[in-house]
Amino acid sequence: MDFFETIMFPFKWLVSIIMVGFHEGLSFIGLPAANGWTWTLSIIGLVLVIRAALIPVFVKQIKAQRGMQLLQPDLKKLQTKYKGKTDQLSRQAMAQEQMALYKKHGTNPFSACLPMLIQMPFFFALFQVLSGISNNAKAGQGVGAMSHEQVVQFDSSSIFGAPLSASLLHGGAGGNEVAVWILSIVMIVAMTASQFITQKQIMAKNMSEEAMASPFMRQQKMMLYILPLVFGIGGINFPIGVLIYWTTTNLWTMGQQFFVIRRMPTPGSPAAKALEERRAAKGLPPLLSGKKTADAAAEAEAAAAEIRAQRVQPQRKNRKKK
């Protein structure tokens, strides 16, 4: 067992235990154990468990992304301030001011990526479990918590005539090749489309005008088209079971984002304005109270006064020397 296999071993067991648990429960209530739809529902159950457990991580990711969006105007001003300055002192001062901005907004560039990194071992584990089904069935072995009998059941199960262990690139034994092609293409399109729609609605509805005009936004626009393309190309190698997982988890994410954008939008975004309009139509007070607005204005004025004081201070020192 190599180093990567050693790391993935507990994740493979956890993924397979959850899937086997749903399969046993569905079989207990009367669904055929070897039926493809029983295993499909088990994969969907795995998605629900993992995504429900990661809701706190999702909330943290939303806060981190929102913090990065809100500080983009300040970062742009900072980049303008140090534009053309390449000396060591200027770069050090710029780095210190950037860290101060991240601390003030309670975020950093890596905090938005951390939740996805936490989820990736589960994705890789499921891919290893499902992609090794056929080989383990032939070798008389189980996979993770799945017994050899369950591995054989999964390997022989299919939906719409396409085996769950088959892929568009490698096909599958004992299945209808046309069905494998059609179902794989449909799932790949659904997977990439749901991912694109999720990112598109964030950019179109849940970002302020300042964030939309930032350099960070140009990178996001590139990722909007690159990521679905990468997953779409990679999907030809995914077993149908993995495509079901990815499509289901993307639909979950799309639903989560729709809820967040509608109920907890980023301040200053079109979604926030729409929320305020809906609240006004119902006779409810605005979410941003006058006190918060006054406090924000007072904070901005205090920061401006501090900057003016720092600029005036050297002149006073010079005058004293004279």
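Colleague: How many helices and strands does the chain have?

Modeller: Please bear in mind that this is a predicted model. The chain has 14 helices and two strands. Of its 322 residues, 37% count as buried.

Colleague: What share of the contacts joins residues 24 or more positions apart?

Modeller: Among contacts with a separation of 6 or more, such pairs account for 67%.

Colleague: Let us turn to helix packing. At what angle do helix H2 and H12 pack?

Modeller: Helix H2, residues 36–53, packs against H12 at about 40°, and the axes are 9 Å apart. Angles under 35 degrees count as roughly parallel; H2 and H12 are therefore oblique to each other. Their crossing is right-handed. On the H2 side the contact includes Thr40, Ile43, Ile44 and Val47, and on the H12 side Gly241, Ile244, Tyr245 and Trp252 are among the residues involved.

Colleague: How do H9 and H12 cross, and is the crossing left-handed or right-handed?

Modeller: Helix H9, residues 177–205, comes within 9 Å of H12, axis to axis, and the two cross at roughly 20°. H9 and H12 are therefore roughly parallel to each other. The crossing of H9 and H12 is left-handed.

Colleague: Which residues does Asn250 contact, beyond its neighbours within four places in sequence?

Modeller: Asn250 has its place in helix H12, residues 240–263. With those neighbours left aside, Asn250 is in contact with Met191, Ser194, Gln195 and Thr198. A polar atom of the Asn250 side chain lies 2.9 Å from the backbone oxygen of Met191.

Colleague: Why does Asn250 count as buried?

Modeller: Asn250 counts as buried because its relative accessible area is 10%, and buried means under 20%.

Colleague: How is a pair of aromatic rings described?

Modeller: Such a pair is described by the distance of the centres and the angle of the planes. A search of the whole structure finds five aromatic pairs. One of them is formed by Phe11 and Phe122, with 5.4 Å centre to centre and 85° between the planes, an edge-to-face arrangement.

Colleague: Which parts of the chain does the pair of Phe11 and Phe122 tie together?

Modeller: Phe11 lies in helix H1 (residues 3–28) and Phe122 in helix H6 (residues 114–131), so the pair ties together parts that are 111 residues apart in sequence. Phe11 counts as partly exposed, at 24% relative accessibility, whereas Phe122 counts as buried, at 15%.

Modeller: A further edge-to-face pair consists of Phe127 and Phe238, with 5.7 Å between centres and 65° between planes. Phe127 belongs to helix H6 and Phe238 to the loop between helix H11 (215–234) and H12, so this pair also ties together parts 111 residues apart in sequence. Phe127 counts as partly exposed at 24% relative accessibility, and Phe238 counts as buried at 15%.

Colleague: Is Ser157 buried or exposed?

Modeller: Ser157 is buried, with a relative accessible area of 1%. Ser157 is located in the loop between helix H8 (148–156) and E1. A polar atom of the Ser157 side chain lies 2.7 Å from the backbone oxygen of Phe154. Not counting residues up to four places away in sequence, Ser157 touches Ala34, Asn35, Gly36, Trp39, Pro163 and Leu164.

Colleague: Finally, what distance separates the C-alpha atoms of Glu97 and Leu78?

Modeller: The separation is 7.9 Å, for residues that are 19 apart along the chain. Glu97 is found in helix H5, residues 88–105, and is partly exposed, with a relative accessible area of 26%. Leaving aside neighbours within four places in sequence, Glu97 is in contact with Leu78, Lys81 and Tyr82.

Definitions and conventions: Residues numbered from 1 in each chain as written. Predicted model: local features only at pLDDT ≥ 70, side-chain atom pairs only at ≥ 80, totals over all residues. Heavy atoms only, no water. Helix = DSSP H or I, 4+ residues; strand = E, 2+ residues; numbered from the N terminus. Buried < 20%, exposed > 50% of the residue type's maximum accessible area, 1.4 Å probe, protein only. Polar contact = N/O pair within 3.5 Å; in protein donor to acceptor, adjacent residues only side chain to side chain. Contact = heavy atoms within 4.5 Å. Phe/Tyr/Trp six-rings, centres within 6.5 Å; stacked < 30°, edge-to-face > 60°. Axes fitted to C-alpha atoms, helices over the stretch in contact; angles between N-to-C directions. Parallel < 35°, antiparallel > 145°, perpendicular 65-115°, else oblique. Left-handed = near helix turned anticlockwise from the far one by under 90°.
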